[in-house]
Amino acid sequence: MPEGNYTDLVNIAAMARSLPCLLDFDGPTLYNYAWSGYLRPLDRYVSPAMRADFLPSIIQQGTYNHHLYSLGQFDSGLGFYANRQYLNEAGVRIPTIDHPWTLRELNDILARLKSVPGVLYPLDLHMNTGYGDGEWFTYGFSPFVESFGGDLINRATYRSADGVLNGPNSIAALTWFQNLFRQGYSNPWPVSDTGFTTGTSALSWSGHWLYPEYHQALGDNLLVLPAPDLGKGAKTSMGSWNWGITSSCQTPAAAWEVLQFMLSPSQIARMTSANGAVPARKSVIAHSRLYAPNGVLHVFVAQLQTSRAVPRPITPAYPAITSAFAQTITNIAAGIDVKQQLDEAVRTIDQDIQDNQGYPRNILKTAARAGQKASTAPSYRTGES
């Protein structure tokens with residue numbers, strides 16, 4: 001199960017060629033696994049009709065070097081949770097998916113909320129890293145950089161982060177981010193993750209997974225609002241845990257039968273009813289109490305179906321990118337110079353790419369590593385029409 005030193009266990013098992021037939025992994029780790037030859041492409045198994053029923057974000061997340069390597073039962077997304085009473089007291093406009101808060105508007109809203117009685121920090125950013133290994137910092141805050149027009153790496157080539165992660169738009173984004181703490185709008189070192197539920201914060205920047213807890217605490221006073229447009233369009237992260245078939249599997253067709261069952265609409269409905277996540281398939285969303293067009297969490301689906309949803313960088317260098325960015329966020333929150341930290345992150349990322357000869361994309365090389373014969377004409381073997 002994905003807990004503890006899961007990535008280390010996967011790497012050790014891969015080197016020993018003892019991976020299980022089906023492997024569960026977090027979305028952006030796929031690219032390093034696929035490049036390393038740990039996974040088989042799923043193209044031959046997934047029919048066009050089945051592919052079309054999945055959210056575009058799921059397909060985008062699972063694709064590396066023009067091949068589909070993974071599919072998941074659920075997706076994820078970001079937005080603001082808001083205390084309706086506090087927004088009313090501050091005279092705040094309720095944003096919509098078509099008219100999200102702008103940068104100027106958000107800055108004004110935070111200033112007004114700071115003066116509302118009971119509000120200590122207007123915006124809860126969950127800086128206590130309660131989500132585990134630091135991936136929250138990349139997942140949660142890279143959309144701010146992207147909405148300013150920056151990014152974590154040059155996505156045209158994936159060869160360097162220089163001029164992008166430390167470019168003017170990224171610097172502006174993380175200077176604004178640092179000022180959230182300097183101006184007292186957010187707590188950089190919260191002791192617990194309860195600011196929003198206890199009423200000391202008016203807004204929470206987070207994902208679908210907190211809805212049950214927040215709804216229990218606030219009831220009808222809870223609002224679920226879209227991501228803001230900080231200048232270059234509203235942006236949200238996407239992607240979650242998903243499944244692939246390993247290259248060491250001796251019975252891939254049988255593994256696909258199991259995976260196909262797990263990915264069936266009925267099983268996705270069961271899983272997402274249990275964990276509250278965004279169903280990966282459109283046919284399941286249509287019947288979801290929370291995510292259907294009239295559902296309280298439909299905003300997450302609406303964002304995932306547009307260019308607002310940005311995958312974390314689709315490169316085998318992602319582990320180095322997320323590690324460097326998470327450390328940068330920690331230091332920037334502590335007040336260290338933004339440009340200096342971004343330059344350091346760029347050096348770390350570019351050194352990793354250089355050490356790996358640019359992570360060359362060669363499907364024949366990858367297929368050879370995986371012990372497979374490369375196929376140029378996928379055949380579809382699925383029980384779905």
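Two strands are said to pair if DSSP finds at least two bridges between them. Helices (H or I, at least four residues) and strands (E, at least two) are DSSP runs, numbered from the N terminus. In this structure, 3 strands form an open sheet in the order β1-β10-β2, with antiparallel pairing. The model is predicted: local features need pLDDT of at least 70, side-chain atom pairs count only at pLDDT 80 or more, and totals for chains, interfaces and linings use all residues. Residues are numbered from 1 along each chain as its sequence is written, and side-chain values use heavy atoms, with hydrogens and water left out.

**The sheet and its helix**

- Strands of a sheet pair through backbone hydrogen bonds, either parallel or antiparallel.
- In the open sheet β1-β10-β2, the edge strands are β1 (22-25) and β2 (39-40), each of which pairs on one side only.
- Strand β1 is joined by 4 bridges to β10 (residues 242-246), and the two run antiparallel.
- Helix α10 (residues 252-262) lies across β1, β2 and β10 and runs at about 170° to β10. Axes are lines fitted to C-alpha atoms, for helices over the stretch in contact, and angles run from 0 to 180 degrees between N-to-C directions.

**The disulfide**

- The whole structure contains 1 disulfide, defined as a pair of cysteine sulfur atoms within 2.5 Å.
- The disulfide joins Cys21 to Cys249, with a distance of 2.1 Å from S to S. The link between them is right-handed, with 85° about the S-S bond.
- Distant parts of the chain are linked by this pair: Cys21 is in the loop between α1 (6-15) and β1, Cys249 is in the loop between β10 and α10, and the two are 228 residues apart.
- Cys21 is partly exposed, because its relative accessible area is 26%, whereas Cys249 counts as buried because its relative accessibility is 2%.

**Aromatic rings**

- Rings of Phe, Tyr and Trp (its six-membered ring) pair if their centres lie within 6.5 Å; planes under 30 degrees apart count as stacked, over 60 as edge-to-face and the rest as tilted.
- By this rule there are 22 aromatic pairs. One of them is the edge-to-face pair of Phe25 and Tyr33, at 5.8 Å centre to centre and 85° between the planes; both residues are buried.
- Trp35 and Tyr359 form another edge-to-face pair, at 4.9 Å centre to centre and 75° between the planes. This pair links distant parts of the chain, 324 residues apart: Trp35 is in helix α2 (residues 30-36) and Tyr359 is in the loop between α15 (338-355) and α16 (363-369). Trp35 and Tyr359 are buried.
- The charged end of Arg44 sits over the ring of Tyr45, 5.9 Å from its centre. A charge sits over a ring if NZ of Lys or CZ of Arg is within 6 Å of the ring centre and within 35 degrees of the ring normal.

**Surroundings of Leu55**

- Leu55 is found in the loop between α3 (48-53) and α4 (56-62). Leu55 counts as buried because its relative accessible area is 0%.
- Leaving aside neighbours within four places in sequence, Leu55 is in contact with residues including Asp75, Val278, Ile285 and Gln305, where contact means heavy atoms within 4.5 Å.
- Leu55 and Gln305 are 250 residues apart in sequence and 6.8 Å apart in space, C-alpha to C-alpha.

Conventions: Buried means under 20% relative accessible area, exposed over 50%, partly exposed in between (1.4 Å probe, protein chains only).
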